[in-house]
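Here's a quick briefing to read with the model open beside you. Take a look at the fold before you start on the points below.

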Amino acid sequence: MQKSLTTGRFSQDVRSLLRHVLFVIACLIPAMTFAQQKVLIIGIDGCRHDALRAANTPHLDALIAESVYSYDALTEPPTWSGVGWSAMLTGVWRNKHGVTDNTFSGNQFADYPHFMKRAEAFDPSLFTVSISHWAPINTQIVGGGGIDLIVSPSTDSLVGAAAVDVLQNQDPDVIFLQFDDVDHAGHASGFSMDVPAYMAAIESVDRFVGYIMAALQSRPNY
């Protein structure tokens, strides 16, 4: 995105949100252990679905193979990151969440909070985690109380490491992860399957997803 994915059904306003050439990721993929009601959401900013399918991404491919998924979705302009991520995390369009650019001015998050805050309101005992490379997701959308652990690493590698640490050493109920290096590579070199740096960034995130899934699958209650 100009600097934004959806999965699940956050509200009737947003059934599916993506499709801008600069920020598509058909893989905001949930991995859930239904018996424990645990939720993992992985967001990869700037990942075009055609590039994802062309890249060497065995770990994302494995998730997709076991998923209900779509590469065809909707968004609304302007496709600034602040607008897209606000919609995806709150489940409402900008006419309700109030964000029109990356300043987040005029936001209505008090009336339309992000989904983890709603989960905490439903059950305060839930352990909720947000690990986002793009820090404004945490400082502007997720922050403000209620979430148990908020981390804003400076690289995608550190996002992956933080997620693995949480999965290995704590017992989270809901984890939201956001990777941003694919978007950085696209802005720097081009959002195209013909750009080696862009494809390499997608494949790097896939490796991090592999580490995360290995950590998740090694948990005693997986």
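Helices (H or I, at least four residues) and strands (E, at least two) are DSSP runs, numbered from the N terminus. Keep that in mind for Pro78, which sits in the loop between α2 and α3. What you're looking at is a predicted model, where local features need pLDDT of at least 70, side-chain atom pairs count only at pLDDT 80 or more, and totals for chains, interfaces and linings use all residues. Residues are numbered from 1 along each chain as its sequence is written, and side-chain values use heavy atoms, with hydrogens and water left out.

**The overall picture**

- Walk along from the N terminus and the elements read β-β-α-α-α-α-α-β-α-β-α-β-α-α.
- The chain has 222 residues, and 51% of them count as buried. Here, buried means under 20% relative accessible area, exposed means over 50%, and partly exposed is in between (1.4 Å probe, protein chains only).

**Aromatic rings**

- A pair of aromatic rings is described by the distance of the centres and the angle of the planes. Rings of Phe, Tyr and Trp (its six-membered ring) pair if their centres lie within 6.5 Å; planes under 30 degrees apart count as stacked, over 60 as edge-to-face and the rest as tilted.
- Searching the whole structure turns up 6 aromatic pairs. One of them is Trp85 with Phe176, an edge-to-face pair at 5.8 Å centre to centre with 75° between the planes.
- Trp85 belongs to helix α3 (residues 81–90) and Phe176 to strand β5 (residues 174–179), so this pair ties together parts that are 91 residues apart in sequence. Both Trp85 and Phe176 are buried.
- Phe208 and Tyr211 have ring centres 6.5 Å apart and planes at 45°, so that pair is tilted.
- Phe208 and Tyr211 are about one helical turn from each other, because they're 3 residues apart in helix α9 (residues 196–217).
- Is Phe208 buried or exposed? Phe208 counts as buried because its relative accessibility is 14%, while Tyr211, at 51%, counts as exposed.
- Phe179, Phe208 and Tyr211 make up one aromatic cluster.
- Arg53 lies over the face of Tyr71, 4.2 Å from the ring centre. For a charge to sit over a ring, NZ of Lys or CZ of Arg must be within 6 Å of the ring centre and within 35 degrees of the ring normal.

**Loops worth a look**

- Pro77 and Pro78 are joined by a cis peptide bond, with omega at about -5°.
- Pro77 is in the loop between α2 (58–65) and α3, and its 58% relative accessibility makes it exposed.
- Pro77 and Thr100 are 23 residues apart along the chain, and their C-alpha atoms are separated by 8.9 Å.
- Ser70 is also placed in the loop between α2 and α3, and at 37% relative accessibility Ser70 counts as partly exposed.
- Ser70 and His49 are 21 residues apart along the chain, with 9.6 Å separating their C-alpha atoms.
- Which residue other than glycine has a positive phi near 65°? That's Phe104, found in the loop between α4 (94–97) and α5 (115–122). Phe104 has a relative accessible area of 2%, so it's buried.
- Ser192 is in the loop between α8 (181–189) and α9, and a relative accessible area of 23% makes Ser192 partly exposed.
- C-alpha to C-alpha, Ser192 and Asp50 are 8.8 Å apart in space, though 142 residues apart in sequence.
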